Amino acid sequence: MNDILALLFGTAPVMLALVWRNAIDRRRDNADTVTATARAAIAKALGGESLVAVRTDPPTYWLLVDEACLDVAQRLPLAYDLVLHGC
């Protein structure tokens with residue numbers, strides 16, 4: 001019985017780390033897909049490659065910026081863009 005408990009407690013941190021890393025990698029892959037789609041749309045709209053930079057970060061569960069973005073974007077003047085930089 002002790003051997004089974006030792007095996008469970010010994011492998012649990014490794015398994016949790018693998019599950020956590022897999023979730024992070026999946027979110028990063030989704031962000032990369034969004035980046036590629038945005039870059040393709042920009043290249044198509046501008047007729048080729050340009051100096052427009054696109055960077056997409058995966059969403060985090062502890063930031064609430066997305067709840068405020070719509071309100072902020074609605075208050076922007078027409079010629080302005082909303083750019084958010086993380087700390």
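Mentor: Let's start with Arg 55, which is exposed because its relative accessibility is 69%. Exposed means over 50% relative accessible area, buried means under 20%, and partly exposed lies in between (1.4 Å probe, protein chains only).

Trainee: What does Arg 55 form a salt bridge with?
Mentor: With Asp 57; the closest N and O atoms are 3.0 Å apart. A salt bridge here is a side-chain nitrogen of Lys or Arg within 4 Å of a carboxyl oxygen of Asp or Glu.

Trainee: Is Asp 57 partly exposed or buried?
Mentor: Asp 57 counts as partly exposed, because its relative accessibility is 45%. Salt bridges that share partners also join Arg 55 and Asp 57 with Arg 28 and Asp 32 in one network.

Trainee: Hold on, where do these values come from?
Mentor: The model is predicted: local features need pLDDT of at least 70, side-chain atom pairs count only at pLDDT 80 or more, and totals for chains, interfaces and linings use all residues. Residues are numbered from 1 along each chain as its sequence is written, and side-chain values use heavy atoms, with hydrogens and water left out.

Trainee: How many salt bridges does the structure hold?
Mentor: Four. One of them joins the side chains of Arg 21 and Asp 25, at 3.0 Å from N to O. Those two also sit in H1, which covers residues 2-46, and they are four residues apart.

Trainee: New topic. Which residues of H1 are buried?
Mentor: Arg 27, Ala 31 and Thr 35.

Trainee: Where does H1 bend?
Mentor: At Ala 12, by about 30°, and Pro 13 follows within four residues. The bend is the angle between axes fitted to the seven residues ending there and the seven starting there.

Trainee: What should the 45 residues of H1 span?
Mentor: 66 Å, at 1.5 Å a residue, and the end C-alpha atoms are 66 Å apart, so the two agree. The expected span is 1.5 Å times one less than the number of residues.

Trainee: What follows H1?
Mentor: Gly 47, with a positive phi near 80°.
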